[in-house]
Amino acid sequence: MLRDIVIYPDKRLKLISKEVTLFDEELHSLLDDMYDTMCSRKGIGLAAIQIGVDKRVLIINIPEEDDDDNVMPNKDETLEIINPKFEKKEGTCKHQEGCLSIPGVYEDIERFEHIVLNYQDREGKHQTIESNDFLAIAIQHELDHLDGKVFIEKLSILKRKKFEKEWKKKFK
Ligand SMILES: [Zn+2]
């Protein structure tokens with residue numbers, strides 16, 4: 001089922017999401033709805049709070065392009081991350097990021113280059129993932145949402161002011 005995306009500066013984006021304790025039907029339909037909603041907006045990642053649910057749940061799907069450059073998301077390859085905790089974060093890199101809650105805005109953001117993350121899957125099983133490419137950046141972006149942060153908070157003061165001015169114009 002498609003859900004509405006929470007758009008900046010909605011106050012819900014500032015909430016600290018809560019740990020998941022029940023790995024039940026309700027969690028599974030949340031994950032399925034998040035997948036449908038993310039794909040419908042052609043996103044590559046989504047945190048539960050972006051559809052208004054303050055649970056420590058995020059999904060990521062970085063689709064492969066086929067020979068005709070069509071982006072083909074595959075649900076089986078979706079990473080479902082619940083109650084994530086960094087075990088290691090090191091190095092720095094910069095990459096352009098965007099966000100379904102701040103549509104149309106793309107900025108270069110500095111992140112850790114290499115991460116090791118512990119999390120639980122939809123059945124509650126403990127998992128570990130190690131990544132040092134675009135996936136690592138996507139995970140850090142989505143994990144920030146669970147702590148009530150959005151990527152534009154990482155901009156310099158000057159760039160942030162410019163963004164806020166333009167954003168207000170757009171949503172007046
Ligand atoms: Zn985002």
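Where is Ser-101 found? In the loop between β6 (93–97) and β7 (107–111). Keep in mind that this is a predicted model.

Let me stay with Ser-101 for a moment. Buried or exposed? Buried: its relative accessibility is 0%, and the cut-off for buried is under 20%. Now its polar partners. A polar atom of the Ser-101 side chain sits 2.7 Å from the backbone oxygen of Val-6. The side chain of Gln-50 makes a polar contact with that of Ser-101, at 3.0 Å. Beyond its neighbours within four places in sequence, Ser-101 is in contact with Ile-5, Val-6, Ile-7, Tyr-8, Leu-13, Gln-50 and Trp-167. Hold on to Trp-167; I will come back to that residue.

Next, the zinc ion. Its protein donors are Cys-99 through SG, and His-141 and His-145, each through NE2. They lie 2.0 to 2.2 Å from the zinc ion. Along the chain, the spacing reads C-x41-H-x3-H. Cys-99 is in the loop between β6 and β7, and His-141 is in helix α2 (residues 134–146), so this pair ties together parts 42 residues apart in sequence. Both Cys-99 and His-141 are buried.

Last, helix α3, residues 157–170. It has 14 residues and spans 20 Å from first C-alpha to last, close to the 20 Å expected at 1.5 Å a residue. Which residues of α3 are buried? Phe-163, Glu-164 and Trp-167. Viewed down the axis of α3, the buried residues fall within an arc of 100°, so they line one face of the helix. On the other side, Leu-158, Lys-161, Lys-162, Lys-165 and Lys-169 are exposed. And Trp-167, on the buried list, is one of the contacts of Ser-101.

How values were computed:
Residues numbered from 1 in each chain as written. Predicted model: local features only at pLDDT ≥ 70, side-chain atom pairs only at ≥ 80, totals over all residues. Heavy atoms only, no water. Helix = DSSP H or I, 4+ residues; strand = E, 2+ residues; numbered from the N terminus. Buried < 20%, exposed > 50% of the residue type's maximum accessible area, 1.4 Å probe, protein only. Polar contact = N/O pair within 3.5 Å; in protein donor to acceptor, adjacent residues only side chain to side chain. Contact = heavy atoms within 4.5 Å. Donors = N, O, S within 2.8 Å, 3.2 Å for Na, K, Ca; no water. Expected span 1.5 Å × (residues − 1). Arc of directions from axis to C-beta.
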